[in-house]
Amino acid sequence: MIEAIGLTSNPRKELPPAVDNVSFEAHAGRVTALLGAPGAGKTTALRLLLGLQRGRGVAHFRGRPLHRITQPAREVGVLLGDVPGHPARTARGHLRMLCAAVGAPAARADEVLEAVGLVSLRDERLGTLSRGADRRLGLACALLPDPHTLVLDQPTRGLPPREHRWLHALLRAHADQGGTVLCTTADPKEAARIGDHVVTLDEGRVVADQDGAEFSRTRLRPRVAVRSPHAARLSALLSKEARAARRSVEVVREGGNRLCVYGSTCADVGEIAFRHGIVVHQLADEVGDMGPGAGDDRPTAPTAPTTPTGHTPPTGHTAHTDPAPTATPTAPDPDPRPETAPTPDGEPVSTAPTPDGEPVPAEPAAPTRDGEPLPAPTPEPLAPLAAPAPAPARAAGTAPTVPAAPTASVQLPPPLSVRTAPAPLRPLRYELRRAAGTGTALRVGVAVIVVSALTAVLLARIGHTPQPRLLAAWPRELPLPPAAIGAGLLGALAFGEEFRHPVLAADRGTVSRRLGLLTAKLFVASVSAVLLAVLTVGCDAQVLYLVHGRELAEVPPADWLPLGASWLGLVTGCAWAGVLGAGLFRSSSAGLAVVLAVPLLVEPVVEWVTRGTQVRTAAGFPQRLREVLPLRWPFGGERYLEGALRMIGQPVGGALTLSVVALACAFLLSTRRRGVR
């Protein structure tokens, strides 16, 4: 159950608030429709309800505010706008990443894809999906953690009209299982079709809070429903009579032999049909602008009354017969048209023109027995409609189309049982799937290796570059080598993409700042940086060996350990600085700027303060520590410690260490201030 009390948005300058004191309830087991014209405040009300926008008011989900729920995705499934996913990620990969976030097995992704009819498009990139497929994928993301409540903003937007009934049936199935459904719509007939409870907004205020049946009876547009085999001719006559009488009458032909007449009465329509000799099979008043077959999406409906002609008006409408005559008239038509004409074989043929201009053969006369007509045969029941055939394969370069889903039955994903904990439940698995789901890391790695190899060859040809810098492709003119900049960029993207595509916070508007997620990002960024550093040095050495010989590609055995430790520490520190900078300043660009600021801004300050004394002090530190502590270093650990101290003693290493420590402290303070999410 959802309880919204006094939702009010903050006004902008002198404009009134978009939502002003909106209060309503959405009960479990029912579909609640939030109805309003564009600009009425529907989306703003949902954003206030979910805490995505600042304002006043209280919103409770089953008695608890959303910020007090440990794992809000298990309570509320949200679909607002487009799917907040990376365009290069596949639909299945996106859902599998969310499975790791909510603690669901990977097979859950295939289950929800099947439920929304996207199995055939599971390997398509999010950027190539059509509008309807994107809405289906958003619904799959909302259903993935098996939430109790669904909050959807215009869920049918972008779907073809033939798929609206499928979506309505899906929402109805969720409500029938005891869930709560709250959706917005701008179409009154759609609200009447799916809503057990309709809340109407106008200019940010609640103007009506009604049951679905009451809404259909009092809020929708009345009309006259007419069925006639000569619907086209009757439509033209009704329009002509209205123009002659200067009355505002609208005639809408809804396919086949059905007309909907707005602004008239049954008596007027019946008299016009009688005067012109037009057969009428149904003539009834209806309340509701819902079209033929409306109300079929409702769970149950009482049997509608039938007219004397034996036709049943659409479910959900109030119909009554009009005293106007509806049988075949006897008065002559001022413009008589023979209905049938004999053929050479004696078969009657209708002379009423068809859209193709050809006459249609009339039904043969009923057989008789001794001059009396035989009883009409009992009609056979109609077979259920078959599912539409799958759409043909799309041409290259066009957006994929959504396969039509059968409307006869809707099957929700099976229930999901996971432990309750803040998202992501499995941060390391989530981060691995996030990093491997797109080709960004691969493209960055290839670019870094190519640039580094070309730079190493160029430096070797110019000369005057020390061999350690030559293998790292680090000219003195650059603040950092290409591998370190690439590692910092990968680290910045690790947190920057969370803010650009907030898949973890679609229901809260903030990115998770849990320490578990931060640790997973630091670990994955470290592994990526070390792998990039090793590949870069290996490729540089091979290229130098091929171009300039062995003397430029060899490192003395006594130097490879401290040099290797310094090199790996440099790229790992840059990756960590990128992760922390992007998480603190909420942008990938800011994270990369933090990495570049280390040698450009922090290093001069550190070098000015230390003035090179740290290298000499660190040189004898392991030996002095061995003299103080009687324990021996296992596996020659003093060499590793000396290498680490040498790296920190360098201006760049000291600046990088200082920057990482400062960023980590700032991140922890911001997490403590905002609360761990």
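When I say two residues touch or are in contact, I mean they have heavy atoms within 4.5 Å of each other. Okay, with that settled, let's start. What we have here is a predicted model, where local features need pLDDT of at least 70 and side-chain atom pairs count only at pLDDT 80 or more, while totals for chains, interfaces and linings use all residues. Residues are numbered from 1 along each chain as its sequence is written, and side-chain values use heavy atoms, with hydrogens and water left out.

First, Leu 412. You'll find Leu 412 in the loop between β18 (372-373) and α10 (427-436); helices (H or I, at least four residues) and strands (E, at least two) are DSSP runs, numbered from the N terminus. Which residues does Leu 412 touch, once residues up to four places away in sequence are not counted? They are Leu 170, Ala 173, His 174 and Gln 177. Leu 412 and Leu 171 are 241 residues apart along the chain, yet their C-alpha atoms are separated by 9.5 Å. Leu 412 counts as buried, at 13% relative accessibility. Buried here means under 20% relative accessible area, exposed means over 50%, and partly exposed is in between (1.4 Å probe, protein chains only).

Take the contacts in the chain with a separation of 6 or more: 73% of them come from residues 24 or more positions apart.

Now the sheet. Six strands make an open sheet, in the order β5-β6-β7-β3-β8-β9, with mixed pairing. For a pair, DSSP has to find at least two bridges between the strands. β5 (76-79) and β9 (205-211) are at the edges with a single partner strand each, so one side of each has no neighbour in the sheet. From one strand to the next, the twist averages 15°. β5 and β6 pair in the parallel sense over four bridges, and Leu 79 stands opposite Leu 152 in β6.

Helices pack here too. Helix α1 (residues 42-49) lies across β3 (31-35), β6, β7 and β8 (197-202), running at about 145° to β7. α5 touches β3, β6 and β7, and its direction makes about 150° with that of β7. For those angles, axes are lines fitted to C-alpha atoms, for helices over the stretch in contact, and angles run from 0 to 180 degrees between N-to-C directions.

On to the inside. A nonpolar core is a set of buried Ala, Val, Leu, Ile, Met, Phe, Trp, Tyr and Cys residues joined through side-chain atoms within 4.5 Å. The largest one has 46 residues, and Leu 95, Leu 137, Leu 139 and Tyr 430 have the most contacts inside it. Who gives the most to this core? That's α2, with eight residues. Leaving aside neighbours within four places in sequence, Leu 95 is in contact with residues including Val 112, Leu 137 and Cys 141. Apart from that core lies another, of 40 residues, among them Ala 483 and Val 595.

Last stop, Ser 588, in helix α16 (residues 588-610). Buried or exposed? Buried, with a relative accessible area of 17%. Not counting residues up to four places away in sequence, Ser 588 touches Ala 492, Leu 493, Gly 496, Glu 497 and Ala 582.
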